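Reader: I would like to go through some of the terms used for this model and see what each one rests on.

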Amino acid sequence: MTGRQFLVHTGAAFLLLFSWFGQAEDTLDKEVNQLITAGGTLTDIVFALNKDDSLIGVDTSSTSPAAVNRLPKVGYYRNLSAEGVLSFEPEHLWVLEGGGSDKVLQQIERAGVSVVVFDKPTSLQELYELIENMADRFGAQAEGKQVIAGIKSDLTTTSSRKEPLTALFVLQASERGVVAAGKDTVPDLLFSYSDINSVFSHAGFKTVSTEYLLAEQPDFLVAPEHVVKSHGSKEAFCQAQALKLLEAGKTCRVLVMDSLLALGMTIRIAEAQQVVAEFANEIASGRE
């Protein structure tokens, strides 16, 4: 095994080695400078660890915290170009899973850049492991523990609502129905920590027919901002064929969330949960 940090293989060998290099201690860098992060989740963690002075550029999905706006952008993490990245003369490129093609990342690495691809977290435990991994690479283990402790303390399931509420997370609405969030998704986690029942228990995101949806009648809807904007406005979204027959659609009881907050397993997960809980409390108080 060489000391190279980015391994590109196919089939089972790729999966094995890809998983291994993200965890192996002997691939950790002694010092991280001239760093580019591609993926908002990674950028958020770098700032939370107070290591943003190592950054020389980020991708366009890196929209928080506000201080990130002082940094130049290298393009969208899913569509990186070797020329664009190398023009910044980085020493390190950290990429979130799904960012850049194998060919582009190999080209960047051959130019002498240390390339590390991190698995995208899909659960709180995986998020904590990602924070620990990145903190280890910076030699900032204490800071990493503080970030994790902060997330755990900010996530709360306390609720003063007298009756439970039900909600529907809409990823897409069309004449064919709704692509709705079920179990094992970020929206489901936000609902569960906010004492809200999701109207669907399927795994992941699945299309649900209008007929089936009418039988459920959620108390309110939640949708990412980019989905609502694709309809033109919040009002137009509520008038979508699959939603306008619902009581929540008729009254447009919709929480429009920042898309990264709504869908991303990031260090802002507690912030996202608080947004959902506060909206639910407003709905509940309006009924009492």
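Author: This is a predicted model. Buried here means under 20% relative accessible area, and exposed means over 50%.

Reader: Which residues of α6 are called buried?

Author: Gly144, Val147, Ile148 and Ile151 are the buried residues of α6; each therefore has under 20% relative accessible area.

Reader: Why are the buried residues of α6 said to line one face of the helix?

Author: Viewed along the axis of α6, they fall within an arc of 95°, so they line one face. The face turned away from that buried side carries Lys145, Gln146 and Ser153, which are exposed.

Reader: What span does α6 have, and what is expected?

Author: Helix α6 covers residues 141–154 and has 14 residues. From first C-alpha to last it reaches 20 Å, close to the 20 Å expected at 1.5 Å a residue.

Reader: What does Ile151 touch?

Author: Leaving aside residues up to four places away in sequence, Ile151 touches Leu127, Tyr128, Ile131, Ile267, Ile269 and Ala270. Contact means heavy atoms within 4.5 Å, so each of these residues meets that cut-off with Ile151. In the largest nonpolar core, of 69 residues, Ile151 is among those that touch the most other members, as are Leu93, Trp94, Met134, Phe220, Met257 and Ile269.

Reader: Why is α7 described as largely enclosed?

Author: Six of the eight residues of α7 (residues 186–193) are buried, so the rest of the structure largely encloses this helix. The six are Val186, Pro187, Asp188, Leu189, Leu190 and Phe191.

Technical notes: Residues are numbered from 1 along each chain as its sequence is written. This is a predicted model: local features need pLDDT of at least 70, side-chain atom pairs count only at pLDDT 80 or more; totals for chains, interfaces and linings use all residues. Side-chain values use heavy atoms; hydrogens and water are left out. A nonpolar core is a set of buried Ala, Val, Leu, Ile, Met, Phe, Trp, Tyr and Cys residues joined through side-chain atoms within 4.5 Å. Buried means under 20% relative accessible area, exposed over 50%, partly exposed in between (1.4 Å probe, protein chains only). Helices (H or I, at least four residues) and strands (E, at least two) are DSSP runs, numbered from the N terminus. The expected span of a helix is 1.5 Å times one less than its number of residues. The arc is that of the directions from the helix axis to the C-beta atoms.
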